[in-house]
Amino acid sequence: FALLFALVAGLGLFVRRERRQAERRARNLRALFEVSRQATANLDRQQVLEVVVQAAQDVMGYHMASILLLDEPAQEVVAAAVSTNLRDRIPRCDRGPGGRGRTGAAAQTGQTQLANDVRGSLTYFRAAGDWDPGSEISVPLKNADATLGVLDVEDERREVFGPGDVQVLEALAARNLQAVEQ
């Protein structure tokens, strides 16, 4: 009887935790969409990009967010916007090789790249600047024809991102694609 009671209690805790996480994701997504809606009313592309990365950092609590745009002729990704807490450590217009690292792979394949431990990854490409992440999500910014760039989010902790983070960031990327296309 005690074992059954413990199992039921454990299941109840699990269900409550999952419900809280789902509610948090929904709240974050609503907040991001509101910021996104306000940002896209502004016609200045750079300001829209800055608002999106700052919202990803502030609302979601990520340590770093950036948008990198694809420079097709040079086959590179270029940092177009970086969240404010790292602007002094990761320069805007910093370039990385297309196809290398998570951001390059997202740009090249058009598929979201998730690494919850970049330190153990042979494909991790360390960007210039004074920043050592533990986890990274790179979401392609793509339309029907091509990938235009990448929304990249990093945290210094390992094992920090889950499926909910990927869903929210993919929705944010899709919602703000028109700003990148300008």
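**View 1. D117 and R158 form a salt bridge.** In this predicted model, the closest N and O atoms of D117 and R158 lie 3.9 Å apart. D117 counts as partly exposed because its relative accessibility is 28%, which falls between 20% and 50%. R158 is also partly exposed, with a relative accessible area of 48%.

**View 2. D155 and R157 meet in a salt bridge.** Welcome to the other close-up of paired charges. Side chains of opposite charge can pair when their charged atoms come close. For the side chains of D155 and R157, the N to O distance is 2.8 Å. Is D155 buried or exposed? With a relative accessible area of 3%, D155 is buried, whereas R157 is partly exposed at 47%. The structure holds two salt bridges.

**View 3. T103 sits in helix α3.** Now we turn to a threonine in the helix that spans residues 101-109. T103 has a relative accessibility of 13%, so this residue counts as buried, the cut-off being under 20%. Which residues are in contact with T103, leaving aside its neighbours within four places in sequence? They are L68, V77, E136, S138, V150 and D152.

Notes
Residues numbered from 1 in each chain as written. Predicted model: local features only at pLDDT ≥ 70, side-chain atom pairs only at ≥ 80, totals over all residues. Heavy atoms only, no water. Helix = DSSP H or I, 4+ residues; strand = E, 2+ residues; numbered from the N terminus. Buried < 20%, exposed > 50% of the residue type's maximum accessible area, 1.4 Å probe, protein only. Contact = heavy atoms within 4.5 Å. Salt bridge = Lys/Arg side-chain N within 4 Å of Asp/Glu carboxyl O.
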